[in-house]
Amino acid sequence: MIKAIIVDDEPLAQEVLETYISQLPDIELIKKCNNAFEAGECLRQHQVDLMFLDIQMPQLSGVEFVKTLTNPPYIIFTTAYPDY
């Protein structure tokens with residue numbers, strides 16, 4: 001079973017991802033985080049295999065957050081911006 005988290009500041013984006021994940025029998029959603037700081041705490045408390053990570057977030061972007069991690073899980077970047 002793949003343990004995953006969603007990191008996104010937009011509730012609608014979280015909902016869409018949660019809906020998709022719920023249809024995949026091999027992925028278990030552990031937590032939905034509203035920002036990188038919540039995600040960091042979750043990563044310290046849980047074994048996470050996969051992170052759906054928004055690029056554009058206030059305070060700390062997804063890209064900046066990844067650079068702070070010494071042993072990150074697999075990451076799927078998510079964004080609503082066509083620049084990425």
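These legends go with close-up views of a predicted model.

**View 1. Helix H1 from end to end.** Let's start with helix H1, which covers residues 11-22 and has 12 residues. From its first C-alpha to its last, H1 reaches 16 Å, close to the 16 Å expected at 1.5 Å a residue.

View 2. Which residues of H1 are buried? They are Gln14, Leu17 and Ile21. Seen down the axis of H1, these buried residues fall within an arc of 70 degrees, so they line one face of the helix. Look to the other side of H1 and you will find Leu12, Tyr20 and Ser22, which are exposed.

**View 3. What the buried residues of H1 pack against.** Four strands are the partners here: E1 (2-7), E2 (27-33), E3 (50-54) and E4 (74-78).

**View 4. The largest pocket.** This pocket holds about 270 Å³ of space. It is lined by 16 residues, and those closest to its centre are Gly40, Leu43, Arg44, Phe65 and Leu69. Helix H2 (36-45) and helix H3 (62-68) are the elements that each give two or more residues to the lining. Which of the elements gives the largest share? That is H2, with five residues. Sorted by class, the lining of the largest pocket has nine nonpolar, six polar and one charged residues.

**View 5. The second largest pocket.** Here you can find about 210 Å³ of space. The residues lining this pocket include Asp8, Asp9, Glu10 and Ala13, along with Asp54 and Tyr81. Leu17, one of the buried residues of H1, also lines the second largest pocket. By class, its lining divides into four nonpolar, three polar and four charged residues.

Note on methods:
Residues are numbered from 1 along each chain as its sequence is written. This is a predicted model: local features need pLDDT of at least 70, side-chain atom pairs count only at pLDDT 80 or more; totals for chains, interfaces and linings use all residues. Side-chain values use heavy atoms; hydrogens and water are left out. The expected span of a helix is 1.5 Å times one less than its number of residues. Buried means under 20% relative accessible area, exposed over 50%, partly exposed in between (1.4 Å probe, protein chains only). The arc is that of the directions from the helix axis to the C-beta atoms. Contact means heavy atoms within 4.5 Å. On a 1 Å grid over the protein atoms alone, a cavity is a set of points where a 1.4 Å probe fits but cannot get out, and a pocket is an open set with protein on both sides within 12 Å along at least five of seven lines; lining residues have an atom within 4 Å of a point. Grid points are joined across faces, edges and corners, and a volume is the space filled by probe spheres set on the points. Ala, Val, Leu, Ile, Met, Phe, Trp, Tyr, Cys and Pro count as nonpolar, Asp, Glu, Lys and Arg as charged, and the others, Gly among them, as polar.
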